[in-house]
Amino acid sequence: MKHESHSPEDVDVFASQFAALGSEHRLSVLRTLVRAGPEGLSIGALGERCGITGSTLTHHMKILAAAGLVTQEKQGRSIICAAAEMDVMRALSDYLLSECCADCSTEKDATNG
């Protein structure tokens, strides 16, 4: 993958997103929402599938939403939660992968054979 240069603002966003994923529960919430697809899940169904409910789920959703990784939309009396657009997820993974092997030599070191 080609190494890209990212602005300091981009790096701040990526750092915030990775920090938000630094919890087993938040990673589980995001994974569950990604698997649910663009329709998302009601907050109750999300809590049931993740095994996280009440104020704990609200806390984790707040952190993920602040990082731009999930959305919450009120539909009637329900709150529907969904993973952010796939381009957000793709940008986050592309950032990490674009750095892979960026400093490796393309030629074998003569001392290593």
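**Exercise 1. Find the aromatic pairing and describe its geometry.**

*Solution.* The chain holds 1 aromatic pair, where rings of Phe, Tyr and Trp (its six-membered ring) pair if their centres lie within 6.5 Å, and planes under 30 degrees apart count as stacked, over 60 as edge-to-face and the rest as tilted. The ring centres of F14 and Y95 are 4.5 Å apart and their planes meet at 20°, so this pair is stacked. Helices (H or I, at least four residues) and strands (E, at least two) are DSSP runs, numbered from the N terminus. Finally, check the cover: both F14 and Y95 are buried, where buried means under 20% relative accessible area, exposed over 50% and partly exposed in between (1.4 Å probe, protein chains only).

A word on the ground rules before going on. This is a predicted model, in which local features need pLDDT of at least 70, side-chain atom pairs count only at pLDDT 80 or more, and totals for chains, interfaces and linings use all residues. Residues are numbered from 1 along each chain as its sequence is written, and side-chain values use heavy atoms, with hydrogens and water left out.

**Exercise 2. Work out how helix α1 is oriented.**

*Solution.* Start with the length: α1 has 13 residues and spans 18 Å from its first C-alpha to its last, close to the 18 Å expected at 1.5 Å a residue (the expected span is 1.5 Å times one less than the number of residues). Now sort the side chains. F14, Q17 and A20 of α1 are buried. Viewed down the axis of α1, the buried residues fall within an arc of 125°, so they line one face of the helix; the arc is that of the directions from the helix axis to the C-beta atoms. P8, D12 and A19 are exposed on the other side of α1. Then ask what the buried residues of α1 pack against: α2 (24–36), α4 (54–66) and α5.

**Exercise 3. Zoom in on Q17: is it buried or exposed, and which residues does it contact?**

*Solution.* Q17 belongs to helix α1. With a relative accessible area of 4%, Q17 is buried. Setting aside neighbours within four places in sequence, Q17 is in contact with A67, L69, V88 and L92, contact meaning heavy atoms within 4.5 Å.
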